[in-house]
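Reader: I have a structure to read. Can you show me how to go about it?

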Amino acid sequence: MPTVQPVISCVQNLVLYETRARYFLVGSNHAETKYRVLKIDRTEPKDLVVIDDRHVYSQQEVQELLSRLDMGNRTKMGQKGLSGLSKSIIAFGIVGFVRFLEGYYIVLITKTRKVADIGGHSIYKIEDTNNVYIPNDSVRIAHPDEARYVRIFQSVDLSSNFYFSYSYDLTHSLQFNLTVLKMPSEGLKSETFGHGRQDSFDIFEDEDVAMQAGSEPSHYGIRNEPYPKYTWNGNMLEKVKSAVHPNWLLYIIHGFCGQSKMLIYGRPVYVTLIARRSCKFAGTRFLKRGANCEGDVANEVETEQIIHDASVMSFTAGSYSSYVQVRGSVPLYWSQDISTMMPKPPITLDQADPFAHIAALHFDQMLQRFGSPIIILNLVKKREKRKHERILSEALFSAVTYLNQFLPPEYGIQYIAWDMAKYTKSKLCNVLDRLNLIAEDVVKRTGFFVNHPDFHSNSLPGERWNELGGFVHNTCRLQTGVLRTNCVDCLDRTNTAQFMVGKCALACQLYALGVIDKPRLQFDTDAVRLFEELYEDHGDTLSLQYGGSQLVHRVKTYRKIAPWTQHSKDIMQTLSRYYSNAFSDADRQDAINLFLGVFQPIEGKSHLWELPTDYYLHHKNTVALLSPKRSYTHWWTPEVLIHLPLPYDEVPCTENFKKMTVIKKTVKCDEEIDIYTEFFRPYELSCFDDAFCLKMTNSAKDFMPKNIGIDPSPFTVRKPEETGKSMLSNKSNKEEAVLQRKTVASAPPPPSEEAVSSSSEDDSGTDKEEEGAVSQRSTPVKVTEFGENTKNTEDSRQSLREVRMGNISRLPSEDDLLIYKRFVNLGQSQRKVDLYSQQSNIRQLDDSMTILKPASSFPQDSIYEVHLSDLDAKSADIFASHIQTGKGMIPPLAKDDMILYREYIKNRYM
């Protein structure tokens, strides 16, 4: 059966060469065996002329080409002192081409940092960029407002949370990417795929891969179109998309990407969190609310958590699981007027929508991408003395009720309304316990993605695994449907709710991968602490992008175990958010509109800073007549409804096949599909200190206690003072703890939840609940004197030193001496035993030994039921060869190895 792999871009290292008339952009892969050249004309003052010859050069050929260009561009032949071709910039990718009022700029990525690894596919974060003006100074037509547009464009910091990958499609989920790899395998011989034979030929022309007569290729590379909603540089690449080779196109996402390693008795399991922010109707907090006329909502973020066993790298042989959930503003026409400078601007519904047209467009998009069921978790307040948030709650419920009456009952939109702020203020209720019940119900309905079939142990009686939702295939389990969480801002409350759902999904994913014996995870374990830290970084990043400050309320706040110093930090974050919304959001909104191409400067028309509002830029129906509205009853796309509950984007149909480009390959180790060579890079000199896997957050290094004799399992419940981060924290945490111990005796009691600033989204209401007894989950604070604090600090340091190094001044105990004497006597007696007695003892031991058999004979099962595999002859030969090599007897290289080595030397150095 043919294998399918994602295509790895061969343009990863770029060098920009400059002449007076042209820019030459030379791109190569990491091994520097394949080169491409892009020619950019500098004589056009306002037009972009890019020429790609679509030819693959070797290292020697590209050096000869650059040498000829250098000689040809000198003013006088033979003049060596003045070069005609100069190296300008070294880069790692092209963000795109952009133009304001003068000529075009090329935006290059000049610095990157690896932040994650998924199955050998590296994900990079942009650290720095460079904008290069293309036209020559001699043809440049200056404009007085050009510099101001450049400053506005550069205020979108590309070094802040923009990510890309050379081989992995970040705009789609892991489920989509792995489904695509399996999709074409049944119809590769047909003419359905790709954009025609000519495109496939152009993509890999002049490759030294010749097909033998009468043989059919068995290895394929596949490239898929990115999802436009999450591609932030799609507009900047649109101008050259059809003119250059696809390897030059590097698509970036905006949001968050973090990865941590969970060590389970030495077995590495990577936990990855990817957040994709939508570029449709993008903006800042008070300036972008609700939805536009096309159904795109503000602050829409798709969050995906990926769990995979890092001991196996391949997508086909490894174990991978993912779960996706979404946040976004309420899909209605609504806004908040910030001209009055109020902490809580009033919420108004801008347009009446009795047939829920905007909500219908939004949920139709979700059905197409995620399938059914669509579950809405609405955390907006329901009871208020003065209507504020309740306006949105009532309007959303009416829209969902109207849309559901036309959908088939089995595919209806499921609506869950829960006033999280009300339960937070009540001390009789536990917020996270209630969220955990909702999370278990949601994960049970939607399921999650696993790239292998269920273990036999999962289907045993009493496991209730068969009640899990999703679509079960004979080779995998798919997630169908998605949870959509919203509050007013979709920041604090939403992040906590998503964390609880993610925690429940994480337990099911680890259980499905055979890591734990029950799909349950408890708080105060290393695994949950690691996951909570990832989600807090995720929430802080998204909150800074949309709200202008970090999270105000965190998971610890809702657990009511946050330290008293956290309340002052919450107030400072609230003030920071208010300042950002009042004074800097307008400039940030202008920069986003310019970066995404929502506003295009045109000579003779109003400038960006002169517009009174950007409403008509995001609502196209105000400046042009759109296509006729859909039916008020059949509001969905017909093709989408036919394939439910599966998402239409993942169904093998002709429409989806047109978005793919399948390239036939014949060599398995070809660099364009060989992820092993791309990841390990055997041609480079590397060291362990620079390895990414050693730098990432580690459950054993950062969370596990350092005491001797502690259970190393990351699923063991620990006390807060036992964690690695509390024992070996950084300097700031130590100073904060000392300050807390010194001042807690004279400090006032910590403020309650109601005392936090009202501009926070969780305390925006005016209603108050009856307060009962103190919550059982609150942590009491022990009051001690200053002298005792100093003594306790010294004692704790002394005890920690004893635990690590041992106290050698004391004599060993009697039990330790007895063990030592027994060990010495055992060693002395062992020397006196002759060979005959040893053999007789071995026979007696064999007779009395019981051979344990495996608990299960299923070939694919969890670590609790294993199958003993037989050793084949090939493995035995490899092991014997390894032993002989260790003794200095190196066997001769095989013929295939010599051919492969010569080919490598030829491509690398000749």
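Predicted model: local features only at pLDDT ≥ 70, side-chain atom pairs only at ≥ 80, totals over all residues.

Reader: What is the strand order in the open sheet of 5 strands?

Author: Strands of a sheet pair through backbone hydrogen bonds, either parallel or antiparallel. Here the order is 5-4-3-2-6, with antiparallel pairing. Strands are DSSP runs of E, at least two residues, numbered from the N terminus; two strands pair if DSSP finds at least two bridges between them.

Reader: Which strands stand at the edges?

Author: Strand 5 (50-52) and strand 6 (86-91) do. Each has a single partner strand, so one side of each is left without a neighbour in the sheet. Strand 5 pairs with strand 4 (residues 35-41) over 3 bridges. There, leucine 38 stands opposite aspartate 52.

Reader: Is serine 138 buried or exposed?

Author: Buried means under 20% relative accessible area, exposed over 50%, partly exposed in between (1.4 Å probe, protein chains only). Serine 138 counts as exposed, at 58% relative accessibility. Serine 138 sits in the loop between strand 9 (121-133) and helix 2 (146-154). Helices are DSSP runs of H or I, at least four residues.

Reader: How far is serine 138 from threonine 43?

Author: They are 95 residues apart in sequence and 8.5 Å apart in space, C-alpha to C-alpha.

Definitions and conventions: Residues numbered from 1 in each chain as written. Heavy atoms only, no water.
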